[in-house]
Amino acid sequence: MKKLYIILFLLLIVAANQGFAQIKTVTVQVSSNKYTPQDIAVNVGDTILFQWVGGTHPTESDDALWTTFTSSSTNNIKKIPVTSAFTQGFHTYYCTLHGSKGGYPNFMTGRISVNNVAASIA
């Protein structure tokens, strides 16, 4: 009987953890006319950290998910919280000096894949 309780307890722990996505920070380096990595995957509740490495790069969202910001030596970190405005699917962005709106996967563009909206934080 004790073994049955232990198995049921472990199953409850596993089932409880299935409903909660781990919150994470995903770093995108901004340098030399490229975003590294160019493609990232996130969930609502995560944070995207744009980290300047070199150059001057105004970064704009194709679908206005954030206010355009410029990565530079004086503005070397920009945190973008992944909120409910990020619907499930793909969202692209670009450097206004070295890329173009709708230009993914070409020069100085990036793509965010939002996978799990349902398991997000309110």
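Predicted model: local features only at pLDDT ≥ 70, side-chain atom pairs only at ≥ 80, totals over all residues.
Strands of a sheet pair through backbone hydrogen bonds, either parallel or antiparallel.

Strand 3 and strand 9 pair in the parallel sense, over four bridges.

**Strand 5 and its two partners**

Move to strand 5 (residues 57-61). Four of its five residues are buried, so strand 5 is largely enclosed by the rest of the structure. Strand 5 runs antiparallel to strand 6, and three bridges join them. Select histidine 57 together with serine 71, its bridge partner in strand 6. Then show strand 8 (residues 89-95), which is also antiparallel to strand 5 and joined to it by three bridges. Here serine 61 has tyrosine 93 of strand 8 as its bridge partner.

**The loop between strands 1 and 2**

Select asparagine 33, which lies in the loop between strand 1 (25-31) and strand 2. This residue has a positive phi of about 65°, although it is not a glycine. Its relative accessibility is 26%, so asparagine 33 counts as partly exposed.

**The loop between strands 2 and 3**

Proline 37 is in the loop between strand 2 (34-36) and strand 3. Show the peptide bond joining threonine 36 and proline 37: it is cis, with omega about -5°.

**The loop between strands 8 and 9**

Proline 105 belongs to the loop between strand 8 and strand 9. The peptide bond from tyrosine 104 to proline 105 is cis, with omega near 10°. Methionine 108 is placed in the loop between strand 8 and strand 9. Methionine 108 has a positive phi of about 50° and is not a glycine. Is methionine 108 buried or exposed? At 3% relative accessibility, methionine 108 counts as buried.

**The whole chain**

Of the 122 residues, 33% are buried. The accessible surface comes to about 7,400 Å², and 58% of it belongs to carbon and sulfur atoms. Among contacts with a separation of 6 or more, 55% are between residues 24 or more positions apart.

Technical notes:
Residues numbered from 1 in each chain as written. Heavy atoms only, no water. Pairing = 2+ DSSP bridges. Helix = DSSP H or I, 4+ residues; strand = E, 2+ residues; numbered from the N terminus. Buried < 20%, exposed > 50% of the residue type's maximum accessible area, 1.4 Å probe, protein only. Contact = heavy atoms within 4.5 Å. Areas by Shrake-Rupley, 256 points an atom, 1.4 Å probe, with all protein chains shown as cover.
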